[in-house]
Amino acid sequence: MAVLETKGLTKDFGGFVAINDVSFSLEKGEKHAIIGPNGAGKTTFFNLITGHLEPSRGEVAFEGRSITGMPPHQIVRLGLARSFQRINIFPRMTVFENIQTALIARDHKHFSLFSPGAAQNRGETRELLELVGLDTETAEIAGELSYGKQKQLELAISLAENPSVLLLDEPTAGMSPQETREAIALVDEIAKSRGLTLLFTEHDMSVVFGISDRISVLHHGELIASGLPDEVRNNVEVRRVYLGEGDDAAA
Ligand code: ADP
Ligand code: MG
């Protein structure tokens, strides 16, 4: 069953078509990578899905209903959360306060005079920090954490919404190979334990082919392939335009 679907999704920026007629589906429970060279349109595609950009044409549906044109906060509330390519935390707050703030923002939408409030919040904050392995850094200033740990914090912030689908835009950008492996293992473990569906972009092909259930390839804003890792690896067009095999590759 598709949890997320786009049909004919198109975005042009004043004549430059960044996403061109993309029809795509994300299946419940899968780990799905979007790959493509820099400028292929991956971040734009995410922005269109999460309401940060309005499509020029086409549709986005989440769990069978149209979310086209919905504002980001409403889409998040439906259970579709994301992280950003650039780090998105409150750098001057502590690690703990970052998560508490995310939970308060979430609960504010259901505010009542009799809400359990801060006490329950503390328990949930600790749980989330434990989940991403930041339980010993709760009192540290977020902006002073290592890059990898800031990404873990960002992940916990995304999870505060209790999403069913998580979009991660280059979650391992700027990480060492070792940090990359750890971060991916963490995301993988959390996805399993929470039954999350994952859509992510990643530049490291060994990671992509190592963990994805399915892979989609964007090239100049067009979806040129979508399928099982082996299908994508062996796709002639993908090999030609992306995996670096020219027509005369045999030479
Ligand atoms: P990727 O994430 O795959 O590297 P992007 O989605 O960031 O690619 O960008 C795709 C193309 O769209 C790039 O050529 C980029 O310059 C262009 N683009 C992205 N956002 C805008 C914008 N707001 N205005 C104009 N062009 C944009
Ligand atoms: Mg990008």
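The largest pocket of this predicted model holds about 530 Å³ of space, where a pocket is an open set of points on a 1 Å grid over the protein atoms alone, at which a 1.4 Å probe fits and protein lies on both sides within 12 Å along at least five of seven lines. Its lining counts 20 residues, with Val76, Phe84, Asn88, Ile157 and Glu161 lying nearest the centre; lining residues have an atom within 4 Å of a point. Two or more lining residues come from each of α2 (72–78), β6 (80–82), α3 (95–108) and α5 (147–159), and α3 gives the largest share, 4 residues. Because domain 1 (1–79 + 163–177 + 197–251) and domain 2 (88–162) both contribute to this lining, the largest pocket lies between them.

This is a predicted model, in which local features need pLDDT of at least 70 and side-chain atom pairs count only at pLDDT 80 or more, while totals for chains, interfaces and linings use all residues. Residues are numbered from 1 along each chain as its sequence is written, and side-chain values use heavy atoms, leaving out hydrogens and water.

Around ligand 1 stand residues with a heavy atom within 4 Å, among them Phe13, Phe16 and Pro37. α1 (42–49) and β2 (16–27) each supply at least two residues of this shell, and α1 gives the most, with 3 residues. The table lists polar contacts, which are pairs of N or O atoms within 3.5 Å.

| Residue | Polar atom | Distance to an oxygen atom of ligand 1 |
|---|---|---|
| Gly41 | backbone | 3.0 Å |
| Lys42 | side-chain | 2.8 Å |
| Thr44 | side-chain | 2.6 Å |

Note on methods:
Chains lettered and ligands numbered in written order. Points joined across faces, edges and corners; volume = space filled by probe spheres on them. Domains from an automatic or database assignment. Polar contact = N/O pair within 3.5 Å; in protein donor to acceptor, adjacent residues only side chain to side chain.
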